[in-house]
Amino acid sequence: MPAYLDHASTTPLHPVAREALLAALDDGWADPARLYREGRRARMLLDAARETVAGVLGARTSEISFTASGTAAAHQALLGTAAARRRAGRVVVVSAVEHSSVLHAAQRHERAGGEVVTIGVDGLGRADPAAFEAALDAHPGTAVAALQHANHEVGTVQPVAAVARALRRRGVPLLTDAATTVGRVPVDLAELGADLLTASAHKFGGPPGVGILAVRTGTRWANPLPADEREHGRVPGFPNVPAVVATAAALAVRATEIDAEAPRLAGYTERLRRRLPELVEDVELLGPGGTDPAVGLPHIVAFSCLYVAGEALLDELDRAGIAVSSGSSCTSDTLTPSHVLVAMGALTHGNLRVSFGRDSTDADLEALLDALPPAVRAVRERAGAAGL
């Protein structure tokens, strides 16, 4: 693949994580709950990994648990908090642009008799803290609220700290899905002020099949799943110690790479956003761009092309050796547009998300810039829209 530009979906295993994984397969295969030598060795590796992750995220080791995926972490975070705070109320507040894992958990809560209140966003995909305050004032029986750290489709950074302060005054915990930001930009749980945080290892160079669930001390949380003694009673099942060790290794090394990498990736996104209107007619840039890390992530660019089906454009680029994704979930079987773009009031068809990573190069960007104009023309010609 000449140009892999879908790092926001998943990114290759970091070389340091690969080394840690291979070593842990030999040393950490045993049950860490057992007291014999092999079990104690596995336990030491698991504890060290937990300590590493906690240190990077500004959390206590007792606040960190490892789940089977970032999706599982989001499900357990939201449903567990709602279950523990049933007496406070049955309302869950979410932003309209949350990842589907959070929205699906909210829908599950609603089907069980709860209520879900959705907060809209502006044209850049950003939620207003005042809207969260108004929602809580209108719904005093709110159990938990959710606001992602940054959007997974357009890269918009959300005002999590401001929302957390407003919620804390009302005694309502905040969950932030940080899968798009952990390992990409500095993330400190204490600075964000969130009560729960989730992340996914394969997004930052760890192995697939590991999620991170952080529940701050003092946050009321009850396991929504059958009870289990492992992972502080939060996550059932035998832990994948080698994968957790590799996750911690990836996160630790990513923390040392962020400062140098972010300006390079922001340069790619800035060049792409500048060149797109010059190369492709009728293109709409989405989100804030990554030049200001307080507003937009440095590695994501989203845009829509008029008169183009996103899936057809993906296929055309794939034939040219370019791997990107479509934020438009409008597929032949669901015909459902991206909920993020709908909430933003943006064009939902012909949408692409380009996301850079640690392995991205100038050659990758140039390959995309070379391939995109003829790809768009080809799709428009097939659709009979070339001259529009």
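Reader: Is Phe356 buried or exposed in this model?
Author: The model is predicted. Phe356 has a relative accessibility of 0%. Buried means under 20%, so Phe356 counts as buried.

Reader: Is Tyr268 buried or exposed?
Author: The relative accessible area of Tyr268 is 6%. The limit for buried is under 20%. Tyr268 is therefore buried.

Reader: How many aromatic pairs are there, by the rule of ring centres within 6.5 Å?
Author: Ring centres must lie within 6.5 Å to pair. Tyr268 and Phe356 have ring centres 5.3 Å apart. The count comes to one.

Reader: Which class does the pair of Tyr268 and Phe356 fall in?
Author: A pair of aromatic rings is described by the distance of the centres and the angle of the planes. Planes under 30 degrees apart count as stacked, and over 60 as edge-to-face. The planes of Tyr268 and Phe356 stand at 45 degrees, so the pair is tilted.

Reader: How many residues apart are Tyr268 and Phe356?
Author: Tyr268 sits in helix H8 (residues 241–279). Phe356 lies in the loop between strand S12 (351–355) and helix H11 (362–382). The pair links distant parts of the chain, 88 residues apart.

Reader: How do H8 and H11 run relative to each other?
Author: Their axes come within 11 Å and cross at roughly 15 degrees. Angles under 35 degrees count as roughly parallel. That makes H8 and H11 roughly parallel.

Reader: How many residues of the contact of H8 with H11 are charged?
Author: H8 brings residues including Tyr268, Arg271 and Arg275. H11 brings Asp362 and Glu366, among others. The contact divides into nine nonpolar, no polar and, for charged, four.

Reader: How do H1 and H8 run relative to each other?
Author: Helix H1 (residues 15–27) packs on H8 at about 155 degrees, with axes 8 Å apart. Angles over 145 count as roughly antiparallel. H1 and H8 are therefore roughly antiparallel.

Reader: Which class of residue makes up the contact of H1 with H8?
Author: On H1, the residues include Val16, Ala20 and Leu21. On H8, they include Pro242, Val245 and Val253. There are no polar and no charged residues, and the 13 in the contact are nonpolar.

Reader: Which residues does Ala178 touch, beyond four places away in sequence?
Author: Ala178 is in the loop between strand S6 (174–177) and helix H7 (189–192). At 0% relative accessibility, Ala178 counts as buried. Ala178 touches His149, Leu197, Thr198 and Ala199.

Key: Residues numbered from 1 in each chain as written. Predicted model: local features only at pLDDT ≥ 70, side-chain atom pairs only at ≥ 80, totals over all residues. Heavy atoms only, no water. Helix = DSSP H or I, 4+ residues; strand = E, 2+ residues; numbered from the N terminus. Buried < 20%, exposed > 50% of the residue type's maximum accessible area, 1.4 Å probe, protein only. Contact = heavy atoms within 4.5 Å. Phe/Tyr/Trp six-rings, centres within 6.5 Å; stacked < 30°, edge-to-face > 60°. Axes fitted to C-alpha atoms, helices over the stretch in contact; angles between N-to-C directions. Parallel < 35°, antiparallel > 145°, perpendicular 65-115°, else oblique. Nonpolar A, V, L, I, M, F, W, Y, C, P; charged D, E, K, R; others polar.
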